[in-house]
Amino acid sequence: MAQHFHRSMNTIAKVSIFGAVFIIGFSAWLLLEVNRSSNVTNVGIALPQPVQFSHQHHVAGLGIECRYCHTSVEHSAFANIPPISTCMNCHQQIWFGAPMLEPVRASWKSGQALEWNRVHNLGDYVYFNHGVHVQKGIGCVSCHGRVDQMQLIYKDQPHTMEWCLSCHRNPAQHIRPRDQVFNMTWKPEDIGETQAALGARLVKEYNIEPARKLTSCSTCHH
Amino acid sequence: MLRISRGQGRWRQVVWAGVAAALLAGGAGCKQKMSYQPRYDPLERSETFNDRSSARPLPAGTVARGFLRDDPEVFLGRKENGDYATEFPFPITEEVMRRGQERFTIYCTMCHGFSGYGNGMIVQRGFSPPPSFHAPETREKSVGYYFAVITNGYGAMPGHAHQIPVSDRWAIVAYVRALQLSQNASLDDVPAAHRSALDAPPPAPMNSRSADPHSANSHSGGAR
């Protein structure tokens, strides 16, 4: 009776039994890496927008404060984008005829809202509250990066659950004094403190819940 | 021989079916349907309404519970007889002044300048200059007048009611009064115990914005 398998199958069989562990491991690693990459998280990618609005020009160049436009960031669950009337506060006179601003003027005349592409968008199963993060001393820059240096807005941090938990497990590493939340360049060294000491003190002062509670499922998914 | 190879084929079918099932399951998981639930996020696009906005304007005359604006002195800056209010509707404490300073810095300095002379950045870029808060005719205006101007606008200045809540508008008026006092005061107006503070370097603004000289300089040539 003839041999059904060639002799080389012995080696192939041994290698594939041994290699299966690595193949499965590699596949799992690849899946996780893809999910953390910009292809999925959009970190560093400027989405197409109806107007090429530059935060760098308005914030760093002109010195307009975040809250002049984003009025609800301190108290609302939703950090608003401004209505067209806020743009028109200045642009009724400044660069009124600029072609770049045509969509703004068209929206102003017609009352039809300008449709921006949302840059920071969490899954509908996450009940994120923007106001509480500001009130508890999380700086804009911690989650949004140096918006004052962005000519086009993009996501600076992945905003994955892993990323959220990295702070919820130990908020002291990111808490800052409330009056410095909107300061893009603040550092604990500016007031002669270390983040560890200052963070631990502010966590107590601002009554921030313990990690056990902050990492509970129902804190964000309720 | 034939029988054995048929058996091999069946085994292979089972493996491929398993792989296909795993891929299908994985692919279905990637749709993230829970991420896009059939409800609106704030400001989300809507196909239901003609203006494509899920944020609906309030019908005329709508009053949210607890938000009835029945006191013209507080909400309009005017007395019952229509004259501008001459007094603040609540006591002015240090807390109110600090709030006013912070909100003035956020909402007013771009045009009125940090000291209220009307030379802010937007004015430097070509916007109609507002009157100085320190001109005699501006100083004479009552607090209710300032409140009404912030609320409804005046001249080239649009109303800022949708950006600044009522209590903050009053706090800003209080801070404007403090600015006016500061630019028209003599050394005798400063309590003796506080005079040494005048020699100290000025404190940084409460919410010092991007103070990064690099980013500011890099833009100086790009004024549009």
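1. Domain bounds here come from an automatic or database domain assignment. For chain A that assignment gives domain 1 (8-36), domain 2 (55-81 + 119-220) and domain 3 (83-115). Keep in mind that this is a predicted model.

2. The C-alpha centres of domain 2 and domain 3 of chain A are 29 Å apart, and the contact draws 4 residues from domain 2 of chain A and 4 residues from domain 3 of chain A. About 310 Å² is buried between domain 2 and domain 3 of chain A, with carbon and sulfur atoms giving 51% of it.

3. As for polar links, I get 0 salt bridges between domain 2 and domain 3 of chain A, plus 1 residue pair in polar contact, both at pLDDT 80 or more. Sorted by class, the side of domain 2 of chain A that touches domain 3 of chain A has 3 nonpolar, 1 polar and no charged residues.

4. Now the chain contact. Chain B puts in 43 residues and chain A 42 residues. The buried area between chain B and chain A comes to about 4000 Å², 51% of it from carbon and sulfur atoms.

5. There are 4 salt bridges between chain B and chain A. One of them joins the side chains of E115(A) and R45(B), at 2.6 Å, N to O. Polar contacts between chain B and chain A number 16 residue pairs (both at pLDDT 80 or more).

6. Which helices of chain B each supply at least two residues of the side that touches chain A? They are α1 (2-29), α3 (94-107), α5 (121-124) and α9 (213-219). That side of chain B splits into 16 nonpolar, 16 polar and 11 charged residues.

Terms used:
Residues are numbered from 1 along each chain as its sequence is written. Chains are lettered from A and ligands numbered from 1 in the order in which they are written. This is a predicted model: local features need pLDDT of at least 70, side-chain atom pairs count only at pLDDT 80 or more; totals for chains, interfaces and linings use all residues. Side-chain values use heavy atoms; hydrogens and water are left out. Contact means heavy atoms within 4.5 Å. Buried area is the accessible area (1.4 Å probe) that two parts lose on being put together, summed over both. A polar contact is a pair of N or O atoms within 3.5 Å; within protein, one must be able to donate a hydrogen and the other to accept it, and residues adjacent in sequence count only if both atoms are side-chain atoms. Helices (H or I, at least four residues) and strands (E, at least two) are DSSP runs, numbered from the N terminus. Ala, Val, Leu, Ile, Met, Phe, Trp, Tyr, Cys and Pro count as nonpolar, Asp, Glu, Lys and Arg as charged, and the others, Gly among them, as polar.
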